[in-house]
Amino acid sequence: MARAKGEPVTIENIVVPDPGPGEAIVKIQACGVCHTDLHYREGGINDEFPFLLGHEAAGTVEAVGEGVTNVAPGDYVILNWRAVCGNCRACLKGKPQYCFSTHNAAQKMTLEDGTELSPALGIGAFIEKTLVHSGQCTPVDPSAPATAAGLLGCGVMAGIGAAINTGGVGRGDSVAVFGCGGVGDAAIAGAHLAGASKIIAVDLDDQKLEWAKDFGATHTCNAGTTDPVEYIRSVTDGNGADVCIEAVGNPKVYEQAFFARDLAGTVVLVGVPNPEMKIELPFIEVFGRGGALKSSWYGDCLPSRDFPMLIDLYQQGRLDLDRFVSETISIDDVEAAFHKMEAGDVLRSVVVLD
């Protein structure tokens, strides 16, 4: 858990209450170390410390509260942070993938002294057992290992969804992905699944560009030595890419993505900026280029639809989730995993708890 802004994470004894109405206890088998957890630790999301970190997880339902019908004890589930409410204006419009009022557990997990914890993204999965709303549990085929399945709970789903759901990548499209970490490589994998003919990976790290090829990149560009806008145009007949996906969350990189797209093309922002960042673009270019500028939140996914489908693709050998796992670690190694993430040494460190 993270007790205070910027402090190293600590291992604590946590009190997990019995599930109340609509809630479930999930025994965590594996949980990925996601950059969002680092954002929480650094105070980049809010200041509701202490945080129980971890959210990219899979495990087994151990107990459910009153009125729970969507899962039962023994179900193998991926945890999600979009527990569709069914009643908000997005849900009532038939667009539950944009649900504006997702559920979290009503009760709080606490430290032994009674201090209430804020679970990361309403989950808090760097723990043996966690309390969530039952709607945060998405049942999938139990034959998929938790080290791979859990990654769909956040980063991999965000990237794949940015390409397929938000960007609408289709057969024969050209796609440029800026930033080849876990989310960017997932966007590359999603574009490959969707049938893109050219997939251009852009990064400052040659090692990451090599990893990007493993996920389906057909071209690579080191933005430290080559102008990515000019390079992307050079490999797309001078036009630019149909879809440009910004997976960094940096204004300068977003500007490159904006100018690297074709006329009537789409820019998708899936990288997370900090609150102080601003962007300035020539207004006439926003008008004159047409197309769409979109933000992708959780890959615009619907967990009940997308998680089982992607697990099926994994089992068919068409989506290599295992390739995202750079290492498996114990719960004691989370702080070291944060440092490896910041250094760009890993795509995903995965905590194995079972």
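This is a short tour of a predicted model, stop by stop, with what to select at each.

**Helix α4 and helix α5**

Start by selecting residues 155-166, which form helix α4, and residues 182-194, which form helix α5. Two packed helices are described by the angle between their axes and the distance between the axes. Here the angle is about 45° and the axes are 7 Å apart. The crossing of α4 past α5 is right-handed. To show the contact, pick Gly 155, Val 156, Ala 158, Gly 159, Ile 160, Ala 163 and Ile 164 on α4. On α5, pick Val 183, Ala 186, Ala 187, Gly 190, Ala 191 and Ala 194. By class, the residues of this contact are ten nonpolar, three polar and no charged.

**Helix α4 and helix α10**

Met 157, Ile 160 and Asn 165 of α4 meet Arg 305, Asp 306, Phe 307 and Leu 310 of α10. The contact of α4 with α10 has four nonpolar residues, one polar and two charged. Ile 160 is listed in the contact with α5 and again in the contact with α10.

**Two backbone details**

Most residues other than glycine have a negative phi, and most peptide bonds are trans. Select Tyr 298, in the loop between β15 (292-295) and α10. Its phi is positive, near 60°. Then go to Phe 49 and Pro 50, where the peptide bond joining them is cis, with omega near 0°. Pro 50 sits in the loop between α1 (35-41) and β3 (51-52).

**Leu 269**

Next, select Leu 269, part of strand β14 (residues 261-269). What does Leu 269 touch, leaving aside residues up to four places away in sequence? The contacts are Glu 246, Gly 249, Tyr 254, Lys 294, Ser 295 and Ser 296. Select Ala 247 as well: Leu 269 and Ala 247 are 22 residues apart in sequence, while their C-alpha atoms are 6.5 Å apart in space.

**The second largest pocket**

End at the second largest pocket, with a volume of about 370 Å³. It is lined by 17 residues, and those closest to its centre are Ile 11, Glu 12, Phe 126, Ile 127 and Glu 128. The lining of this pocket divides into twelve nonpolar, two polar and three charged residues.

Note on methods. Residues numbered from 1 in each chain as written. Predicted model: local features only at pLDDT ≥ 70, side-chain atom pairs only at ≥ 80, totals over all residues. Heavy atoms only, no water. 1 Å grid on protein atoms, 1.4 Å probe; cavity = no way out; pocket = protein on both sides within 12 Å on 5 of 7 lines; lining within 4 Å. Points joined across faces, edges and corners; volume = space filled by probe spheres on them. Nonpolar A, V, L, I, M, F, W, Y, C, P; charged D, E, K, R; others polar. Axes fitted to C-alpha atoms, helices over the stretch in contact; angles between N-to-C directions. Helix = DSSP H or I, 4+ residues; strand = E, 2+ residues; numbered from the N terminus. Left-handed = near helix turned anticlockwise from the far one by under 90°. Contact = heavy atoms within 4.5 Å.
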